[in-house]
Structures are given as C-alpha cells and as structure tokens.
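Visitor: I'm new here and would like a walk through this one. Could you show it to me first?

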Amino acid sequence: MSKNVKTALVLASIALTTFCGIIAKYWLLNS
Amino acid sequence: MSYAADTHAHDDAHGHGHHGGYGGIMRWITTTNHKDIGTLYLWFSFIMFMTGGAMAMVIRAELFSPGLQIVDPDFFNQMTTMHGLIMVFGAIMPAFVGFANWLIPMQIGAPDMAFARLNNWSFWLLPFAALLLIMSFFTPGGAPGVGWTLYAPLTVQMGIGMDLTIFAIHILGMSSILGSINIITTILNLRAPGMTLMRMPLFCWTWLITAYLLVAAMPVLAGAVTMTLTDRHFGTSFFNAAGGGDPVLYQHIFWFFGHPEVYIIALPAFGVVSQVIPAFSRKPLFGYASMVYATSAIAILSFIVWAHHMYTVGMPVTGQLFFMYATTLIAVPTGVKVFNWVATMWKGSLTFETPMLFALGFLFLFTLGGFTGLVLSLVPVDIQLHDTYYVVAHFHYVMVAGALFSAFAGIYFWLPKWTGKMYDETLGKIHFWLTLIFFNMIFFVQHFLGMAGMPRRIPDYPLMFETWNKISSIGAFGFGLSQLLFLYVVLKCIRSGEPAPQKPWEGADSLEWTHLPTPVPYHTFETPPVLK
C-alpha cells in the first residue's frame, strides 16, 4: 500500500468515525 | 520565502498545451489535471456567487421600503436560507479550493494532486449538490425557509425541499472531505526535495490546517443533518421536543461545526493575503513562523468557542464565561497575523496594484469585522444584539470583506500566471473602489440598524429603520452591478489581455513565479525542482 493511500485511509477513518460517533452518541447513549 | 534552486527543465516543453485524450466539454468532465480542476472550481464558484448574489438582490429589494412589496414572507425566508447556503458552500468554499488546486502543487513542486481522479470526482459532485439546492424551490412548499443554520424544530416541519437540501449538504460535505484528504496527502507526501514544511509558502500552510479542520468538522455537520433526516422520516427524536428530543442539541452540534467553518473560510483567505502583501511590499513576510503558529492556534481555538453563537438559549453563567473568554482569546493569534501583515509593509517598497488594493481592503475591513466579533463575544452585549442586523453586518465583514476581497486579490494576483495575459489595471482598480464603497454602503449602516434593534431574517420593519435600509439596498444593487465589471475584466483578460511576463509582480517569490513560465504549462514539475 502506498504512502499516499495510507495517509488518505487514516484521514478518511477519522472523518467516518466522527460522523458515526456523533450520531451513535446521541442515539445509543442518550436513549 | 525565496528559493535558490536548480531552475532548468521545469517548463516541460512537451506538456505545453497538451490536454490529454479529449477535447471540448469532455476535456472538462474527464480531466484529472489540477489546473483544469482549479479552473472548474473557480468558475463554478463564480456562477454560485452570482446565483447567491441574485438572491441577495431579492432580499435587499424587499427591504428597500417597510411593508411587503415584492415577495411573500415565506419566499423571503427561502431567499435568506438559500443565499446563505449557496454563498458559504457553493461560492466561498469552492473558490478557495480552486486556488488550492491551482497553486498547492505548483508551490510545493509537485506534478499534480496526490489523487488526481478523486480530485475530478470531488469537483463534479458539486454541480449535483447545487442542482439539488435549486430544485428544492420547485418542490411542494418550496425551498426550506429555516435560515442557513437549518435549526430544528423548523427543519423537522419543512416540506420535501428540506430533504433535497439535506442530501445536497451530504454531497457538499463529501466533496469537501475528499478534497481535504487530497490536499493533506499532497502537502505531506509530494513536496519537492528541500521543500520542508517550514519553507512552504504560507498559502500552503493555511490550506493544510484548513483541510484538517474540514476533515474534523464536516462530518459533524453531516451527522447533524442526518439526524434531522431521521427525525423527519424514520421516527427518531433527536431534536423533536414532542418525542423527547432537544432542539438546542441541534444548535450545539451545528455550531461545533459552524465555528470551525468560519475559519475554514477565513484561513485560506489569510493565506492568499499572506502571498499578496509581501509581493507588493517587496519584502519577505514578517514573522513567518509566528504566522504558522497563529494559524494553528486559531484552528484549535475554533473548536472550543461554538456556544458563543447561542448565548441566549439558556446556559449556566460559567458556560457563558468559558465561551466568552475562549472567544476573546482568538483575538490574540488573529492580532499576531494583522500585526505581521502590517509589519511586512513597514518600510517596504509599496505599490498599489489591484491585488494589493484588495489585500489592503481585506486588512482594514476584516479587522473591523474581527473587532465587532470581539464585541459580540461579550455575553451582556451579545444578549442585546443577538439575531439583529449588527450580527449580519459583523459576519458580512468577515465573509465578504474577509474572504471575498481576499479571493479577488488572489484572482487578480495569479490571473497573469494562469492565463499568460495581463488584466486591465485601470478597470481592476475601478472594480476595487466600487466594491469597497458599495460594500460599506450595504453593511456599515447595518451596524446602526442592529444597535437600534432591527432583527435579521424579517421581510418587514418599522418606519424608523427606513433610511438605513434604503442606503443598504442601494449599496447592494451597486455592489451586484460592480461584480459584472469583474466578470468583464476577467473575460477581457482571457480574450485580449497583453502578454504577461514570467513574473509581473516584482516581489513574488514562490515557485510558480520563480520556476515556471507564464502561462504555466499544462503539466508542471514532472521532474521535481531541487531546492537548496
């Protein structure tokens, strides 16, 4: 896997985790 | 920052004018070239700027006189909502992504963006998102009339236009995130040998930090609108009080995105100005390292000030104090930047071509916008001024005099490099002065309206506000017409401008000026420059 792809995957996973995390927090933890 | 370097063989003789396998429209649809994609972003941004501007004209036409004259209140609300969304997500953000595409590879000595096909996709998502936004006007109930902040619970009650807007935001967010990943990867991995991070032009630094902000903040907005969507159609009650939800929660989540968004727009503008002012002062940027640290500090602080947008929802005094102090703290790194720009000009050999005029306009007016931001950060003051025209004036000084003036400075600055031709300097200066005068006519007087108590987002107002509203509306019509002059200047430059020298600006010293011919070839830095 190239260095560029690794960098992109790390950044994409941060974005995806933030997106899912914010919904999960108020869906699961506040219910 | 200047570079002593091996300057041979970077003009790529075989690449000049070579646009790949397709011609005509297919060239633009299939292009993976960062310069083409930068151009697409800039033209898309201009079209959206005119569209959002037309909506502003409707708003100001209605507000020319008290009473209801031209549009009904519901359509007025749709205009304010769409004007905000289109200007923020369709005009200003894509404009600076256009600059990033054009300039970052050239300024760091890279041949292109790290993911060229992804770059194409990032752009071509935008017209579909814009289409969804415009289509929402033609749905039953029309476009959402909830304000660009899309506050619940109104958003839960809107018609199908709201769903189109939510999907448009999803697509715009995806485009921004993909673009940001591309920019970060390009800057971190594709810099030419010798181009250390602390030697990069400040424009690249501001975009690197902005891209991190986007990766962190855009998913939060996407989460907020997704929760709005599930509240509307899938039986959840995140924000619907009738089902046990909390509308104020939406405001917290939105502004956790929304305040970094302000700097997502402002930081690249700072980057452009940090290129223009040294070039026309014929001096290196004063305090380069402190500029980098100040930019980083602003980005970090932007995540801990969000609730200053919502002092009036009811929060503990300790909470108000925290957000007030944190917000005033932003004045420190911002002050460092303003000081450094002024210090760059100090004892410089200044000339005042159009890019410098717009940069100076930015410097004076953005500082004024920052100052009124400081005023609004104070809880007792903000409680009086919240949702008044004072706030409208404040953020237009940041968004228009800040971001738009900077974008104009950048376009006039790099237009000769991009097109190989000089723009008409006299017309450029006329464009600047008209824009400056009309901008202040529109928005300076809105401070008075706000302090007198005129609320924002209303189509009607008491007679006492008429005079300032008339002045503001006349300014708006003049400002709109002035931008047609800008279009004429750009088209005239492209069609019949005088040939530009390689470096028309004596003090410009980044790689695109020092290492590349004018106009820049289609492919550049296929062999990385070696910087010493």
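Guide: Let's start with a serine. Ser176(B) sits in helix α6 of chain B, which covers residues 160-189; helices (H or I, at least four residues) and strands (E, at least two) are DSSP runs, numbered from the N terminus. One thing to keep in mind is that this is a predicted model: local features need pLDDT of at least 70, side-chain atom pairs count only at pLDDT 80 or more, and totals for chains, interfaces and linings use all residues. Residues are numbered from 1 along each chain as its sequence is written, chains are lettered from A and ligands numbered from 1 in the order in which they are written, and side-chain values use heavy atoms, with hydrogens and water left out.

Visitor: Is Ser176(B) buried or exposed?

Guide: Buried means under 20% relative accessible area, exposed over 50%, and partly exposed in between (1.4 Å probe, protein chains only). Ser176(B) has a relative accessible area of 14%, so the word for Ser176(B) is buried.

Visitor: Which residues is Ser176(B) in contact with, leaving aside its neighbours within four places in sequence?

Guide: Contact here means heavy atoms within 4.5 Å. With those sequence neighbours within four places set aside, the partners of Ser176(B) are Met93(B), Leu214(B) and Met218(B).

Visitor: Where is Thr354(B), and what is its relative accessible area?

Guide: Thr354(B) belongs to helix α12 of chain B, residues 354-377. Beyond its neighbours within four places in sequence, Thr354(B) has contacts that include Tyr412(B), Tyr423(B) and Glu425(B). Thr354(B) counts as buried because its relative accessible area is 0%.

Visitor: How many Å lie between the backbone nitrogen of Lys429(B) and a polar atom of the Thr354(B) side chain?

Guide: Lys429(B) is among the residues in contact with Thr354(B), as is Gly428(B). From the backbone nitrogen of Lys429(B) to a polar side-chain atom of Thr354(B), the distance is 3.5 Å.

Visitor: And Tyr293(B), is that one buried or exposed?

Guide: Tyr293(B) lies in helix α9 of chain B. Its C-alpha atom is separated by 8.1 Å from that of Pro333(B), 40 residues apart along the chain. Relative accessibility is 54% for Tyr293(B), so Tyr293(B) is exposed.

Visitor: What about chain A: how many helices are in it?

Guide: Of its 31 residues, 26% count as buried. The C-alpha atoms of chain A fill a box of roughly 40 × 10 × 5 Å along the principal axes. Chain A has zero strands, and its helix count is one.

Visitor: Which three residues supply 36% of the area that chain A buries against chain B?

Guide: Buried area is the accessible area (1.4 Å probe) that two parts lose on being put together, summed over both. Chains A and B bury about 1500 Å² between them, 82% of it on carbon and sulfur atoms. The three residues, which supply more than any other three, are Asn4(A), Leu11(A) and Tyr26(A).

Methods:
Polar contact = N/O pair within 3.5 Å; in protein donor to acceptor, adjacent residues only side chain to side chain.
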